Amino acid sequence: MVVRLLCILLLLGLPPQAFADERLAAANESLLNQLEVITLASGKSQFSAYRQQLSDEQPLSPARIYSIAEAVSQFWHQQGIATGILPRTKNDPYAAVIASEPQVPDYLMLSNRVRYLLWLAQHQPWGMISPQGWLKPGDTHGAISEIRGRLQALGDYPQGETGSYFYDALLEEAVLRFQARHGLKQDGIIGPATLRWLNRDPKARAQLLAYNFIRRAEFLANLGDRYLLINIPAYEMLLVDDNRVALRSKVIVGKPYRQTPIISGEIKNLVLNPSWRVPRRLLTHDLLPKVREDGSYITSRNFEVFDYQGDRVTKSDDEWADIAKGKFPYRLVQKPGVGNTLGRYKFFFPNEYSVYLHDTSDKELFARSDRALSSGCIRVEKVEQLANWMASHLVRDKQTWVRMQIEREKTQWFAFDSGLPIHLVYWTSWVDGNNIAQFREDIYKKNQNFSLDLQASK
């Protein structure tokens, strides 16, 4: 093969040494791209030094490139990310560098995006845009030209003239695209949230992409071919079956002060028409203030009250309002039905946080772009489709499932033939299948101190 390649090169008039030099330069560039991602995400001085060497002394010797490629390959493996197998001989550094790259489908797209963002950081000013007010289609403002240029640099606005100060239809389309890939409300209005993302500098974007890529690739490498995955800051659920997305749904997650935990587990059963045992914390902070205002809240919302011996307790509305003003010595259980807080379906998986997936009676909340609204549990928009999939693939007693579909007030548990793995993750950035960089708000402020301790000694 090598002899044939050399013959082709000679016929083309390209001497073997020129070919070797080209491969060496390509190896240098490809390795530098990997090191940019690693350095951004980890900040480790070892890889920063390698990156500096590649930047200052292009190209390095084949032996030195091979040595760095070995260290890079080892880094990926320490993060649980597969690479190729480095060749035994060290006379082809390009082959070694290619073998050291992560074997992850979106790596090249991610690497190219990071490289472009770092180029932007070096070559384009990125000052704060502050129009001192909201901008909407039809407005004229001095900041619009700069906004147009920034959207063009980020790939949301087409190439061409950006000098206009008028907010026209072409700019609106670009703003809508920008808002969509940042998880913002798609209204075309340039308000505080859109401005915050417009002002996020390219290097910070590159760092977010690099950091999340490593965390995401490490996690996805260990999944099976069937699972439920919820990305908390994206407010999104994916049901994957046979390595294909079987269902995608919006979700509602925990508020910043009642966070949905980052955990994995296994859903083992499905509850149809669940009752709701109100947790003590929610009872104290959410429900009792409403009872104090209106004692009829208990009966109007279909709650039953029990003492701690399990006996049901009945009082008048006025008595409930009065009791709620002091220490409330009872527990509340909301009966199943149309107005039940959990809706019609509950998906339980054992965990120390007592969180689960469920339906909701507040369907209108799914229209919001910011959906960190619950007390920690996850509400699923396409909950009926999820339940029906589980009934078809996992539920043991399918006859009872069919018979219970007309029932609204009787609770029924359905065991599964096998559990469904579920993973609650926290990824704020990624490159999607259309090669579009996606970013989401860091709702729980987990990326505030952007210094990773990637597991170099795993």
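A residue is called buried under 20% relative accessible area, exposed over 50% and partly exposed in between, with a 1.4 Å probe and protein chains only. By this criterion Phe439 is buried, with a relative accessible area of 1%. The structure is a predicted model, in which local features need pLDDT of at least 70 and side-chain atom pairs count only at pLDDT 80 or more, whereas totals for chains, interfaces and linings use all residues. Residues are numbered from 1 along each chain as its sequence is written, and side-chain values use heavy atoms, with hydrogens and water left out.

Helices (H or I, at least four residues) and strands (E, at least two) are DSSP runs numbered from the N terminus, and two strands pair if DSSP finds at least two bridges between them. Four strands form an open sheet with antiparallel pairing, in the order 5-8-6-7. Strand 5 (276-277) and strand 7 (312-313) each have a single partner strand and stand at the edges, so one side of each is left without a neighbour in the sheet. Two antiparallel bridges link strand 5 to strand 8 (residues 331-334): Arg277 has Val333 as its bridge partner, and Trp276 has Gln334. Strand 8 also pairs with strand 6 (residues 303-306), in the antiparallel sense and over four bridges. Here Glu304 stands opposite Val333.

Further pairing involves strand 13 (residues 412-425). Strand 1 (residues 226-231) runs parallel to strand 13 and is joined to it by four bridges, with Leu424 as the bridge partner of Ile230. Strand 4 (residues 264-272) runs antiparallel to strand 13, with eight bridges between them; Ile267 stands opposite Leu420.

A nonpolar core is a set of buried Ala, Val, Leu, Ile, Met, Phe, Trp, Tyr and Cys residues joined through side-chain atoms within 4.5 Å. The largest such core has 63 residues, and Trp76, Leu151 and Phe213 have the most contacts inside it. Helix 2 (residues 16-42) supplies the largest share of this core, nine residues. Another core, of 59 residues, lies apart from it and includes Ile232, Val291, Phe303 and Leu332. With contact taken as heavy atoms within 4.5 Å, and neighbours within four places in sequence left aside, Trp76 touches Gln34, Val37, Ile38, Ile81, Thr83, Ser100, Pro102, Phe213 and Ile214.

Phe213 is also among the buried residues of helix 10, which include Leu208, Leu209, Tyr211 and Ile214. Helix 10 (residues 202-220) has 19 residues and should span 27 Å at 1.5 Å a residue; its end C-alpha atoms are 26 Å apart, which agrees. The expected span is 1.5 Å times one less than the number of residues.

Rings of Phe, Tyr and Trp (its six-membered ring) pair if their centres lie within 6.5 Å; planes under 30 degrees apart count as stacked, over 60 as edge-to-face and the rest as tilted. The structure holds 17 aromatic pairs. The rings of Trp197 and Phe439 form a tilted pair, with centres 5.7 Å apart and planes at 45 degrees. Because Trp197 lies in helix 9 (residues 192-198) and Phe439 in strand 15 (residues 437-439), this pair ties together parts that are 242 residues apart in sequence. Trp197 is buried, at a relative accessible area of 2%. The pair of Trp320 and Phe328 is likewise tilted, with ring centres 6.0 Å apart and planes at 45 degrees. Trp320 counts as buried at 2% relative accessibility, and Phe328 is buried with a relative accessible area of 2%. One aromatic cluster is formed by Phe47, Tyr50, Phe75, Trp76, Tyr107 and Phe213.
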